[in-house]
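Q: Got a model I'd like to walk through with you. Can we start with the overall numbers and then go into the fold?

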Amino acid sequence: MKMFQEGTFFLTRHTIIQVFTTDEAVIKTFRFNTQPEEILIDKVNNLAYVTAPDISTIYVIDLKTMTLKQKLIVNGRCSKLHLTKDGEMLLYVDKNTNDVW
């Protein structure tokens with residue numbers, strides 16, 4: 001698995017890591033019990049949306065506390081997360097069918 005980065009947040013094999021960019025010190029971490037694949041950061045609400053397509057799940061992580069806020073069970077194998085501009089809707093693409101949910 002490749003490392004996925006958004007801002008100061010890195011998604012690795014089973015962990016979200018926040019790194020302080022000046023000295024690259026690890027600030028916070030959150031561990032998953034499954035293989036995460038993509039991360040989308042909502043900077044307004046300090047949330048991370050993390051896909052786990054193998055188990056049809058999107059995790060919602062509170063970035064201030066690095067705790068699980070919600071676990072969304074979704075249809076299909078979720079990928080390509082998109083949050084609408086008003087932050088009201090989270091969209092994703094099913095990897096198997098290319099349907100948008």
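Q: How much of the protein chain counts as buried?
A: Of its 101 residues, 40% are buried, meaning under 20% relative accessible area with a 1.4 Å probe, protein chains only. This is a predicted model: local features need pLDDT of at least 70, side-chain atom pairs need 80 or more, and totals for chains, interfaces and linings use all residues. Numbering runs from 1 along each chain as its sequence is written, and side-chain values use heavy atoms, without hydrogens and water.

Q: And the accessible surface of the protein chain?
A: About 6,200 Å², with 51% belonging to carbon and sulfur atoms. The method is Shrake-Rupley with a 1.4 Å probe.

Q: OK, fold. How many helices and strands?
A: 0 helices and 10 strands. Both are DSSP runs numbered from the N terminus: helices are H or I with at least four residues, strands are E with at least two.

Q: Which strands form the open sheet?
A: The order is 5-6-7-8, with antiparallel pairing. Two strands pair if DSSP finds at least two bridges between them. The edges are strand 5 (39-42) and strand 8 (67-73).

Q: How many bridges join strand 6 to strand 7?
A: 6, between residues 47-52 and 57-62. Y49 stands opposite V60, and L47 has D62 as its bridge partner.

Q: What about strand 7 to strand 8?
A: Here 6 bridges join an antiparallel pair. D62 turns up again, with T67 in strand 8 as its bridge partner. This hairpin also has 4 residues between its strands, and M66 in the turn has a positive phi of about 55°.

Q: Why is strand 7 largely enclosed?
A: Because 5 of its 6 residues are buried.

Q: Switching to packing. Which residues touch the most other members of the largest nonpolar core?
A: I16, F32, I39, A48, V50 and I61, out of 14 residues. Such a core is a set of buried Ala, Val, Leu, Ile, Met, Phe, Trp, Tyr and Cys residues joined through side-chain atoms within 4.5 Å. Strand 6 gives the most, with 3 residues.

Q: What is A48 in contact with, leaving aside neighbours within four places in sequence?
A: I16, I39, L40, I41, Y59, V60, I61 and L63. Contact means heavy atoms within 4.5 Å.

Q: Which residues does the second core include?
A: Y49, V60, V74 and C78 are among its 10 residues. This core is separate.

How values were computed. Buried < 20%, exposed > 50% of the residue type's maximum accessible area, 1.4 Å probe, protein only.
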